[in-house]
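Please read the points below with the sequence and the model open beside you. They are meant for someone meeting this structure for the first time.

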Amino acid sequence: MTNKIFYGAGDNARKNLARWIKEIGEPVCFADMDSRKRGKCFSDSPGLETSRGGGYEVTSLADAIDRYPDYELWLTLAPVNLLSATEQLIERGVPKERIRYCEDVEYRRGCRLLGEYIFLTVDSIKPCCTQYGKVIPYADKVHSEESVRHCIGEFRQWLNKTLALMRTDAETDCDNCSLLKWGYYSKTSSIKLLNAGSGFANTICNCRCIYCSQSETAFKGSDQILDGYEIHCILSDEFGAAIEFVCLTDGEITVLPHRDKLLNLIIEKGWSAMVATNALLYNDDVAAILSTQFSVLNVSLDAGTAETYHKVKGVNAFSKVVSNLERYAETKGRIELKYILLPGLNDNFDDVNGFIKIAVSLKAYRVYLSRASLNGLSNTARISEPTGSTTSITEQEYAMYAYFVARCKEVGLPVYYVAEFFITSDCLRMSNLCEGI
Ligand code: SF4
Ligand code: SF4
């Protein structure tokens, strides 16, 4: 029997390994390009039952091939990464016929979100959070369970039609998006990632971020009938057991009237979550979610000094936020810190270095560089010359991004940029600096 080497000892393998072992069989070992993972035993995968001493050795590709010359290389990476990984492996001399994919994938156009993600905003459902994503509005401005379910039905129809078009060269609603690429993607669509914002809950945020894209509802409240808990119950009913991950963004979870019910629902269902919070308030349930394996806390700190934080976030709470982040860090969970570069406000060395110092002391899982969304910046006149995600970055901005990334690399902080906020040509420049998400 051929020896199966699983390539990639990361989160995607952790999430799916038990299923793959049933479908494909056991690997003899893992290979990974990241030398920090090598020499370790890959065993922290939920539901894992293995005949190999409780886990699988992680080694280099060369070593794995040397030990098992009669091998098949099974790629465990998320579909969006499969094409580039395949190309790199072929360049390194792995014959194409030895490369296999753990998921059932096909070659077509797509992105990391299309077919797996649903984004519910206050007035519409979208396949992603970019400005290019198709907008499917609710029939009623103040929506009910019926209007949300109806809109989900329309979303499903749009998705099926669009996925069929992605197998061809035909025009699609995604055509101008910088994330749309040919590659290997799942053959079947299964909504695993939910993003239903807290704007549903008639909540007024306790922050006043200068770039808030939800300021209409975040600063004034909304008259929606359904709250975030009810919306998540509907989504749970519609998409069932496939759901793996919930993003709590577009609003501040810790001030939601129904936050306890919503956070407990996430805990009960065993969903992992990305909890976007301004961290002005510490919440025990958020800390409990953060302690679970794949969950993350995402905080847009955007500053490294109290003065700039006040200007950007509209509240004088820098030290309170840093102290709450220190409490969350005690869970040993994953903390992501974001830096939305705002020309004239936080594009200076003091803020960048102050931010990086905080990220290091929190042992941040990773940091993100981003831009303000066009929608958000158009809501404010407080930035003198607003740039938006449809415009190119200036040379001055690029220089500061480059400095930021170089400093992160110097101190060993993984750094990414949020590709949906950069136009295609800037994505290429940013990719040369760091990884995109
Ligand atoms: S608009 Fe872009 S990010 Fe959104 S679904 Fe289409 S390709 Fe993906
Ligand atoms: S914390 Fe979020 S919802 Fe609140 S103002 Fe800032 S961006 Fe808007």
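1. Ala 279 is placed in the loop between S14 and H8, where helices (H or I, at least four residues) and strands (E, at least two) are DSSP runs numbered from the N terminus. Its phi is positive, at about 65°, although Ala 279 is not a glycine. Ala 279 counts as buried because it has 28 C-beta neighbours inside 10 Å; a residue is called buried if 20 or more other C-beta atoms lie within 10 Å of its own, exposed if 12 or fewer, and partly exposed in between, with C-beta atoms placed from the backbone.

2. A word on the basis of these points: this is a predicted model, in which local features need pLDDT of at least 70 and side-chain atom pairs count only at pLDDT 80 or more, while totals for chains, interfaces and linings use all residues. Residues are numbered from 1 along each chain as its sequence is written, and chains are lettered from A and ligands numbered from 1 in the order in which they are written.

3. Lys 332 also has a positive phi in a residue other than glycine, near 65°, and is found in the loop between helix H10 (318-329) and strand S16 (334-340). Is Lys 332 buried or exposed? Lys 332 is exposed, because 10 other C-beta atoms lie within 10 Å.

4. The parallel strands can be followed in chain order. Strand S13 (residues 245-248) runs parallel to strand S14 (residues 272-276), and four bridges join them; two strands are said to pair if DSSP finds at least two bridges between them. Within this pairing, Phe 245 has Ser 272 of S14 as its bridge partner. S13, helix H7 (residues 259-269) and S14 together make a right-handed β-α-β unit, right-handed meaning that, with the strands pointing away from the viewer, the path from the first strand over the helix to the second runs clockwise. From S14 the chain then crosses through helix H8 (residues 284-290) to S15, and this β-α-β crossover is right-handed.

5. S14 pairs with strand S15 (residues 296-300) in the parallel sense over three bridges, with Met 274 opposite Val 296 and Val 275 opposite Leu 297. On its pairing with S16, S15 is joined by five bridges and the two run parallel; here the bridge partner of Ser 300 is Lys 338 in S16.

6. How many of the five residues of S15 are buried? Five of its five residues are buried, and the strand is mostly covered. Val 296, Asn 298 and Ser 300 point one way from S15, whereas Leu 297 and Val 299 point the other way. In a regular strand the side chains alternate between the two faces of the sheet.

7. S3 and strand S4 (residues 56-59) pair in the antiparallel sense over two bridges, and Cys 41 has Glu 57 in S4 as its bridge partner.

8. Cys 207 lies in the loop between strand S12 (193-196) and helix H5 (215-218), and counts as buried because it has 20 C-beta neighbours inside 10 Å. Neighbours within four places in sequence aside, Cys 207 is in contact with Glu 252, Asn 278, Leu 280, Lys 313, Gly 314 and Val 315, contact being C-beta atoms, placed from the backbone, within 7 Å. Cys 207 and Arg 92 are 115 residues apart in sequence and 50 Å apart in space, C-alpha to C-alpha.

9. Cys 207 is also one of the residues around ligand 2, together with Cys 205, Arg 208, Cys 209, Cys 212, Gln 214, Ala 218, Gly 251, Glu 252 and Asn 278; the criterion is a C-beta atom, placed from the backbone, within 6 Å of the molecule. By class, this shell has five nonpolar, three polar and two charged residues, where Ala, Val, Leu, Ile, Met, Phe, Trp, Tyr, Cys and Pro count as nonpolar, Asp, Glu, Lys and Arg as charged, and the others, Gly among them, as polar.

10. The shell around ligand 1 divides into ten nonpolar, two polar and no charged residues, including Cys 111, Cys 128, Cys 174 and Cys 177.

Key. Two residues are in contact if their C-beta atoms, placed from the backbone, lie within 7 Å.
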